[in-house]
Amino acid sequence: MNSSKHPYFATFLVLLAVAILCSLGVWQLQRGHYKTDRIQQIELRKATTPLNIEDILERQDKRDLPLEFKGRMLVNKIFLLDNRIENGQVGFHVLVPVRTEFGVVITNLGWVKGGQYRNDLPKFDLPTYEQVLFGTSWVPTVNPMVTETAQITDSWPVLVQSIDLTLMSKFLGTEVLPMVLQLDPAFPIGFSRHWVPVVMAPEKHYGYAIQWFALAMACFVIYVVALRKRNAPKDV
């Protein structure tokens with residue numbers, strides 16, 4: 001008879017690892033379901049008639065809505081969103097405040113290529129007359145992992161690491177409305193615009209979920225096989 005004690009500590013570690021791997025799989029499934037619902041919502045909202053600012057402000061969820069309004073670009077108050085990559089090239093998203101009858105709307109005009117040097121910021125020749133702008137509404141979220149380097153200054157354009165509407169309000173000295181307009185690619189003014197509302201497709205999340213569950217199963221099977229070998233009677 002094998003009188004060796006059961007490896008309780010090893011069992012605990014294996015069960016903990018399996019629980020963590022399974023929880024990661026469940027999280028990926030949840031992300032996949034969320035992305036699927038989001039894509040369906042985007043497609044449905046694309047088919048609606050363009051809304052004005054007042055209509056969107058009344059909605060709890062202000063994302064992914066067709067938006068159209070009349071306003072004037074504050075061309076001397078441009079923000080540049082740093083480290084935006086397109087086709088393997090590093091550049092900026094050009095963010096321009098637009099004054100409307102309802103307040104200031106930050107408008108993303110699209111991507112421009114960065115210069116050879118860090119301080120070599122692009123220059124712009126944008127219209128100052130009132131015009132009708134249209135595109136899709138978007139609500140930014142501040143990533144706590146991103147360290148903002150922008151400081152209050154009189155020098156423009158201002159380089160920012162994220163779209164923080166509260167910070168932009170401080171720079172502008174006036175409140176900005178709680179959404180951003182992503183300018184439509186068909187609009188004649190602006191830069192390269194290839195908006196991707198959902199960066200990672202749901203299928204990738206489901207694929208990752210399968211991988212996590214497979215790792216959990218493999219971990220458990222290896223443990224069971226090792227335990228059986230350990231408890232197997234030894235030939236004398």
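This is a predicted model: local features need pLDDT of at least 70, side-chain atom pairs count only at pLDDT 80 or more; totals for chains, interfaces and linings use all residues.

User: How do strand 3 and strand 4 pair, and over how many bridges?
Analyst: They pair in the antiparallel sense, over ten bridges. The two strands form a hairpin, with two residues between them.

User: Which other strand forms a hairpin with strand 3?
Analyst: Strand 2 does, again with two residues between the strands. In that turn, Asn87 has a positive phi of about 55 degrees. Strand 2 covers residues 79–86 and pairs with strand 3 in the antiparallel sense over six bridges. Within this pairing, Leu81 stands opposite His93.

User: And strand 1, how does it run relative to strand 3?
Analyst: Strand 1 and strand 3 run antiparallel and are joined by two bridges. Arg72 stands opposite Arg99 in strand 3.

User: Is strand 3 mostly covered or mostly open?
Analyst: Mostly covered: nine of the twelve residues in strand 3 are buried.

User: Let us turn to the core. Which residues have the most contacts inside the largest one?
Analyst: Phe69, Met73 and Leu133 do, in a nonpolar core of 26 residues. Another core, of 15 residues, lies apart from it and includes Val158, Val160, Met168 and Phe171.

User: What is Met73 in contact with, beyond its neighbours within four places in sequence?
Analyst: Its contacts include Val96, Pro97 and Val98, as well as Leu109, Leu126 and Ile189. Leu133 is also among them.

User: Changing topic, what does helix 4 look like?
Analyst: Helix 4 spans residues 202–231, which is 30 residues. From its first C-alpha to its last it reaches 44 Å, close to the 44 Å expected at 1.5 Å a residue.

User: Which of its residues are buried, and what covers them?
Analyst: The buried residues of helix 4 are Pro202, His205, Ala209, Ala216, Tyr223 and Leu227. Their cover includes helix 1, residues 8–46.

User: Finally, what is the overall make-up, and why is the chain described as spread out?
Analyst: The protein chain has four helices and seven strands. Its radius of gyration is 26 Å, well over the 18 Å that the globule rule gives for 236 residues, so the chain is more spread out than a compact globule. Along the principal axes, its C-alpha atoms fill a box of roughly 95 × 45 × 30 Å. Of the 236 residues, 37% count as buried.

Note on methods:
Residues are numbered from 1 along each chain as its sequence is written. Side-chain values use heavy atoms; hydrogens and water are left out. The expected span of a helix is 1.5 Å times one less than its number of residues. Buried means under 20% relative accessible area, exposed over 50%, partly exposed in between (1.4 Å probe, protein chains only). Contact means heavy atoms within 4.5 Å. A nonpolar core is a set of buried Ala, Val, Leu, Ile, Met, Phe, Trp, Tyr and Cys residues joined through side-chain atoms within 4.5 Å. The radius of gyration is taken over C-alpha atoms; the globule rule is 2.2 Å times the number of residues to the power 0.38. Two strands pair if DSSP finds at least two bridges between them.
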